[in-house]
Amino acid sequence: MVVNPDYVGRTYPPDGPHLVDAALIAAFAAAVGSADPVHTDAQAARAAGYADVIAPPTMAVRFSQAADRAYVADPEAGIDFSRVVHGVQRFVHHRPITAGDEVLGTTTVDAVRSAGGHAMVTTRTELTTTTGEALTTSTSTIVVRGGEE
Amino acid sequence: MASRALSTVAVGDVVGPVTVRVDRDALVAYADASGDQNPIHQDEAFARSVGLPDVIAHGMWTMGASASVVTDWAGDAGRVVEFGTRFTKPVVVPLAGNELVVQGVVKAVDAETGRVTVDVATTCQGEKVLGRCIAVVRLD
């Protein structure tokens, strides 16, 4: 299977909205070992200037991967998910994802490249609230390992 | 918890090192919280069937655990404005678990904007598992 280069530049319709739930933030923070009370204590979060408890910086991936699934799972895109490894991940945060946010993710295919029999696929997902506030720009490169045809 | 004061931060400051334990229960908890249920992170037989040496941690777990060391240092998890990495080597998680060591060094401090750039080195059994791992935090 060959990754389809014709998808470069394509933007998918927004995924979501996903309601950000305080319990999910607490579970994610525990899973990555962050004891910062801004994840679990609304009073501490407000004291730090936030509207409610906030997500750890990498929790944006939950929403960006939900949004890029429409592309990755599209059979015409040619991505064999059993051969995918995560190569690069980058987040630019415009403001922390906060409990009560309704998150939309809009994915664009930025690049499809071949290198040494593998394909490198870069997607960019803009996370916003349903009211249009920018949350996070998530850029991800996956490597689709080449193999026997 | 108040965020670290910008005036106290200088190029060359060291973040950590912090040792982080990981075991299979931690990966199941991460899978549930992140939505990434790929069985290579939970099921030893499946992981071996696709050519891996054992269960491996989610790259995003390793990135997230590394971020937690930076946010603990910054004193406020909402201060991370940029965070990026390459995934250079998987973290193998045998039944007995494994350990990461996360350490950072302040590479740049912009007194005007409050942006502090931290180079993060995350190793497992002495080998780097993240490459070009850079966090930018904004401090007052």
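Colleague: What percentage of the 140 residues in chain B is buried?

Modeller: Keep in mind that this is a predicted model, where local features need pLDDT of at least 70, side-chain atom pairs count only at pLDDT 80 or more, and totals for chains, interfaces and linings use all residues. Residues are numbered from 1 along each chain as its sequence is written, chains are lettered from A and ligands numbered from 1 in the order written, and side-chain values use heavy atoms, leaving out hydrogens and water. Buried means under 20% relative accessible area (1.4 Å probe, protein chains only). For chain B, the buried share is 49%.

Colleague: What pattern does chain B follow along the sequence?

Modeller: Helices here are DSSP runs of H or I with at least four residues, and strands are runs of E with at least two, numbered from the N terminus. Chain B has three helices and six strands. Read along the sequence, they go β-α-α-α-β-β-β-β-β.

Colleague: How many of the 16 residues of α3(B) are buried?

Modeller: That helix covers residues 59–74 of chain B, and B:G75, with a positive phi near 85 degrees, follows it. As for cover, α3(B) mostly has it, with the buried count at 14.

Terms used
Buried < 20%, exposed > 50% of the residue type's maximum accessible area, 1.4 Å probe, protein only. Expected span 1.5 Å × (residues − 1).
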